[in-house]
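I opened my notebook to go through this structure step by step. I wanted confidence, sheet, surface and charged pairs, in that order.

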Amino acid sequence: MTELIKDPRIPDQQGFVAVSPNDPSPKGMLYFTETAALGHKANMDVRLEEYPKGFNTDHWKERPEPWQVFKLTISERIA
């Protein structure tokens, strides 16, 4: 069995996800720091005004909603 190895770059094995609520993909962008996730949110929120310019319209069929950032914490291994 593979043991969970703590990554020293991630305090308390946490990460941050930046995602638009209406993103058609099943996941957001994962970042090691809150600063990086908030930076992605700020960048993408500014670009919303330019939609569809600069967006992959095969993926984004409609204008994205403003991005949100969530904190993820790994509390225990379950398998």
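**Confidence.** I looked up pLDDT, the predictor's confidence in each residue, from 0 to 100. The protein chain averages 84, and 77% of the residues score at least 70. I then compared elements, taking helices (H or I, at least four residues) and strands (E, at least two) as DSSP runs numbered from the N terminus. Confidence is lowest in strand 1 (residues 14–19), at a mean of 89, and highest in helix 1 (residues 34–47), at 95. I kept a caution: where pLDDT is low, the predicted coordinates should not be read in detail.

**Ground rules.** This is a predicted model, where local features need pLDDT of at least 70, side-chain atom pairs count only at pLDDT 80 or more, and totals for chains, interfaces and linings use all residues. Residues are numbered from 1 along each chain as its sequence is written, and side-chain values use heavy atoms, with hydrogens and water left out.

An open sheet of 3 strands shows the order 2-1-3, with antiparallel pairing. Two strands pair if DSSP finds at least two bridges between them. Strand 2 (29–31) and strand 3 are at the edges with a single partner strand each, so one side of each has no neighbour in the sheet. Neighbouring strands are turned by 30° against each other on average, direction ignored. I found 6 bridges joining strand 1 to strand 3. Ala18 stands opposite Val69 in strand 3.

**Surface.** Which residues form a nonpolar patch on the surface? I noted Leu30, Phe70 and Leu72, with about 290 Å² of accessible area together. Leu72 belongs to strand 3 (residues 68–73). Leu72 is partly exposed at 39% relative accessibility (buried means under 20% relative accessible area, exposed over 50%, partly exposed in between, with a 1.4 Å probe and protein chains only).

**Charged pairs.** I searched for salt bridges (a side-chain nitrogen of Lys or Arg within 4 Å of a carboxyl oxygen of Asp or Glu). The whole structure has 2. Asp45 pairs with Lys41, their closest N and O atoms 2.6 Å apart. These two are 4 residues apart in helix 1, about one helical turn. Lys41 is partly exposed, at 24%.

Arg63 forms a salt bridge with Glu49, at 3.4 Å between the closest N and O atoms. Both lie in the loop between helix 1 and strand 3, so the pair ties together parts 14 residues apart in sequence. Arg63 is partly exposed at 41%, while Glu49 is exposed at 66%.

Key: Patches are made of residues with over 30% relative accessible area and no salt bridge: like charges are joined within 9 Å, nonpolar side chains (Val, Leu, Ile, Met, Phe, Trp, Tyr) within 5 Å. Accessible areas come from the Shrake-Rupley method with a 1.4 Å probe; for residues, only the protein chains shown count as cover. Axes are lines fitted to C-alpha atoms, for helices over the stretch in contact, and angles run from 0 to 180 degrees between N-to-C directions.
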